[in-house]
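Good morning, and thank you for making time for this presentation.

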Amino acid sequence: MGKFDGKTAVVTGASRGIGRVIAKKLAACGATVIINYNGSESKAAAVQQEIIDEGGRADIFQCNVSDFAACEAFFKAVTEKYGRIDFLINNAGITKDGLLMAMKEEDFDSVIDVNLKGTFHCIRFAARQMMRQRYGRIVNMASVVGVAGNAGQANYSASKAGIIGLTKSAAKELASRGITVNAIAPGMIETDMTADLSDKVKDEMMKQIPLKRFGQAEDVANAAAFLVSDEAAYITGQVLHVDGGMAM
Ligand code: NAP
């Protein structure tokens with residue numbers, strides 16, 4: 001018996017990185033996990049297979065979260081096939097870093113479109129079913145830079161700060177329907193997203209981390225599994241920092 005038996009979880013951007021580990025964690029606790037991806041179909045299928053091999057239940061769905069109509073179709077299809085959406089983990093995200101004065105409009109827009117609007121789209125359509133159920137758990141992936149800012153990441157920081165505001169507003173709107181909405185603000189986590197940073201940048205980052213190590217996707221997945229659990233039933237509208245103490 002897993003503590004999430006009978007639950008259906010949608011994890012966006014679960015083909016790689018943090019989303020992949022969250023999907024595996026929720027599945028290991030008994031949830032049926034919908035692995036969303038945009039471009040990496042073979043990687044999403046590999047995550048599904050790993051979960052099935054470990055005795056879990058998983059499905060894969062392609063959807064570009066920045067596309068409003070595609071998200072509507074995605075959540076309709078999930079609801080028709082599984083009958084419920086208990087957990088939504090809005091994890092899909094991209095970076096297009098650059099200094100503000102040189103940043104192209106399209107690089108600002110695309111990061112906002114995927115990270116912030118994508119989160120809005122998924123909440124918008126998942127909440128429909130959650131309201132019918134009078135139950136739901138939504139976890140949005142923010143970032144330490146959405147709280148503290150970061151030179152070279154004006155677009156990304158703005159998207160993540162926006163996610164925090166969106167989280168709090170959604171928490172207030174949806175609380176009466178038994179739906180909690182929280183955010184996680186990871187610090188520096190070792191994934192594809194951070195793999196290409198120079199040693200100089202990584203050394204600078206390390207100086208800002210009191211716990212003196214970079215985070216692992218498991219650190220974030222543990223926080224997500226807590227926020228969707230019954231133990232977190234009285235927590236909503238909060239930002240849980242998983243950053244080794246970077247922001248406090
Ligand atoms: P990652 O390894 O680059 O993986 C990103 C995931 O997002 C992939 O599965 C990708 O799927 C998916 N994705 C990207 N664009 C998408 C779209 N338009 N529609 C649907 N899925 C899309 O990133 P990560 O490091 O795991 O980061 C996961 C989340 O944590 C992001 O929101 C990120 O901003 C946040 N975060 C990360 C860190 C860190 O240090 N790594 C720190 C703070 C916050 P495809 O490959 O199929 O396109």
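Let me begin with a term: a polar contact is a pair of N or O atoms within 3.5 Å; within protein, one must be able to donate a hydrogen and the other to accept it, and residues adjacent in sequence count only if both atoms are side-chain atoms. The model is predicted, with local features requiring pLDDT of at least 70 and side-chain atom pairs counted only at pLDDT 80 or more, while totals for chains, interfaces and linings use all residues. Residues are numbered from 1 along each chain as its sequence is written, and side-chain values use heavy atoms, with hydrogens and water left out.

I turn to the ligand contacts. A backbone N or O atom of glycine 187 lies 3.3 Å from an oxygen atom of the ligand.

What surrounds the ligand? Its shell holds 32 residues, the closest being Ser15, Ser40, Asn91, Tyr156 and Thr191; a residue counts as near if one of its heavy atoms lies within 4 Å. By class, the shell has 15 nonpolar, 14 polar and 3 charged residues. Here Ala, Val, Leu, Ile, Met, Phe, Trp, Tyr, Cys and Pro count as nonpolar, Asp, Glu, Lys and Arg as charged, and the others, Gly among them, as polar. Helix α7 gives the most to this shell, with 3 residues. Helices (H or I, at least four residues) and strands (E, at least two) are DSSP runs numbered from the N terminus.

The largest pocket has a volume of about 1,200 Å³, where volume is the space filled by probe spheres set on the points. Its lining comprises 49 residues, with Gly93, Ile94, Thr95, Tyr156 and Met193 nearest the centre. That lining divides into 23 nonpolar, 21 polar and 5 charged residues.

The second largest pocket has a volume of about 210 Å³. Among its lining residues are Phe120, Arg124, Leu166 and Glu173, and α4 (105–133) and α6 each supply at least two. Its classes are 7 nonpolar, 1 polar and 2 charged residues.

Finally, a search of the whole structure finds 1 cavity of 30 Å³ or more. Helix α4 gives the most to the lining of the largest cavity, with 3 residues. That lining, which includes Thr12, Val65 and Asn91, has 3 nonpolar, 5 polar and no charged residues.

Definitions and conventions: 1 Å grid on protein atoms, 1.4 Å probe; cavity = no way out; pocket = protein on both sides within 12 Å on 5 of 7 lines; lining within 4 Å.
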